[in-house]
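Notebook open, structure loaded. I'm jotting down what I look up as I go.

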Amino acid sequence: MKQSLENALQHAVDQLLKENGVEAEVQVQLTRPKQKQHGDYAANVAMSLAGRLNREPRTVAEMILSSVEWPDAVEGTEIAGPGFINIRLKHASEAEVIKKIVRQGRAYGCVELSEGAEKVNLEFVSANPTGPMHVGHGRGAVVGDSLGRILTSQGYSVHREYYINDAGTQIGVLASSLWKRVEQQAGIDVELSDGEYPGEYLVEVAREFLEQYSFEDLDEMDHDREVWPIVIDYAIEKMMEMIQNDLAALGIEFDRFFSEKTLHESGKITDLIEQLKTDDLIYLGTLPPPKGKEVKDYNPVEQWLFRTTRFGDDVDRPLAKKDGTPTYFAADIAYHVDKFERGFKRQIDIWGADHGGYVTRVQSAVKALTGLEGQPEVLLVQMVNLTRGGEQVKMSKRAGTFVTLREVVDEVGADAVRFNFMTRRVESQLDFDLEAAKQKSDENPVYYVQYAHARVCAILRKAGEEGVVAVEAEQVNSSRLIADEEKKLVALMLSYPEMLDKAANRHEAYRVAVYLMDIARSLHGFYHKHRVISSDEELTQARMLLVTAVGQVIRNGLLMLGVSAPERM
RNA sequence: GCGCCUGUAGCUCAGCUGGAUAGAGCAACGGACUUCUAAUCCGUAGGUCGCAGGUUCGAAUCCUGCCAGGCGCGCCA
């Protein structure tokens, strides 16, 4: 509908421009006015054209309107305010959408996956396999998963990936932490050193480890060459198992877990560095001391530096550490190039805000190596502030007062966690209150929306009990739906596909949550003002179809967020 | 010092590729359950859109400067 109106207007505008010898292309864009007295759609072209045509905006509007050939659904138009063109539609034609929604069901709002669908690589979570995930990871996980669902619904071919940082120093720390826990259980008196992982979870893992391996056997083996690899592999496997379980508790799955270690082992990183040398993209140099903080032990060291400054970065970045092993950055470049080689020209990475300083560097490197501009597209998810009844939940890894994501999910439920994490833009920090998330009240948007869905189901159940049989959707006279609350619902349902499209293109998954709160509110308002089941059979049928459609849209939206849609509450 | 994010009602936030009278929820106050679910609804009240300039027919929205908070700034990931 919106499209056909835009086309009609565009045609008239093009003509007007041609007649007046204006070369420029002006794009017509319709918006839905906030005020209903401003019609169903509004266009501001006349005002933006006024300057070029050197005439009053309202005059321009008249000129445009005189030559538009509107589709049948248009009831009338008017020029209002400073020069808006307001379009009013015949209501019947709008309300017809409820038939389409019921007919399409789950597919309403979705774009079909076509053969040539654009491949998108969506990387998210990628939490280090050194311990349980915290709530911050959870937010990234939920945002990523929902964005994946939304992109898929809009016709993208989405590949979900988790990058396992299973190489590097922190893995060594993990392994030594685990080994000490093993030794402790074998009766040896050792203490964890500073910086090692003190969490209880490793005690449990150590216990399981000793069920599988005999400490005496291991003690006789060469520690560095034989035991160490066993401990490392075991630790990583167990950590990933735990992480995957925690993700599963939120209903999140991946297509692939990509191991950083394989990049090292396959020689991809050394190949990459050789390649960069021949391309003269790296050089031996020294970095200036870091800014902004006192560094006492700064020693300038000559190392391989990537010329990221050529591609927009502030300083060149090291690819190898002092001991010659590749930096995390080097591996990450290889990873992103690997994605590119696997055919992903479009990559989305979801990172915590604390990695913000890393974005330009990776994009610069990717640009240098693949020519892709602005890839990967990075979403920085801001921190989560965990509170309980308004009180800050103090967390310290060292003191062991660390609240894990799993604990939160177990306490408040996956639906509440997911929905609440989706109610804010990723740029804004999120306060998450454990008490509020458990409350079954207005404070908790998830129940508000789910209740609207359950309410629709209750109405339809009741109709069944009273022997009201829904007729074929096509037989329903939707033009009976003329109350303000009904028009509002119709308008919202009509905008659902537009909203999803926007959410996908701008990577703004929270829009779905905001939309759902909006349509739930309208449903509740409608419910209190009007009765669906009445003695007016024709109206009863129309309203039953209306609420059926609302229920469908709510279900579809909740599905995008991975939140359940209960039929009873 | 530099970079990124944020600043809108008492609180938490929408609105930000410029549009008409800046919207919700919570909290406050007043109402609505013999009715299809009150986990709900209706009403009242609440605003220098951080501050100051600029751009223009029009700025919460774009630009510049400043203020405040968060995150980050060596071969950690």
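I went for the largest nonpolar core, which has 129 residues, and L178, M493, V512, V550 and I554 touch the most other members. By nonpolar core I mean a set of buried Ala, Val, Leu, Ile, Met, Phe, Trp, Tyr and Cys residues joined through C-beta atoms within 7 Å. Buried means 20 or more other C-beta atoms within 10 Å of a residue's own, with C-beta atoms placed from the backbone. Helix α21 (residues 537-561) gives this core its largest share, 12 residues. Helices here are DSSP runs of H or I, at least four residues, and strands are runs of E, at least two, numbered from the N terminus.

I then looked up V550: leaving out residues up to four places away in sequence, it touches V456, L489, M493, I519 and L523. Contact means C-beta atoms, placed from the backbone, within 7 Å. I also found a second, separate core of 19 residues, with L9, V28, V60 and I64 among them.

Note on provenance: this is a predicted model, where local features need pLDDT of at least 70 and side-chain atom pairs pLDDT 80 or more, while totals for chains, interfaces and linings use all residues. Residues count from 1 along each chain as its sequence is written, and chains are lettered from A and ligands numbered from 1 in the order written.

Next, a sheet. I see an open one of three strands, ordered β8-β9-β10 and paired antiparallel; pairing takes at least two DSSP bridges between two strands. β8 (282-285) and β10 (317-318) are at the edges with a single partner strand each, so one side of each has no neighbour in the sheet. I get four bridges between β8 and β9 (residues 303-306), and L284 has W304 as its bridge partner in β9.

Definitions and conventions:
A residue is buried if 20 or more other C-beta atoms lie within 10 Å of its own, exposed if 12 or fewer, and partly exposed in between; C-beta atoms are placed from the backbone. Two residues are in contact if their C-beta atoms, placed from the backbone, lie within 7 Å.
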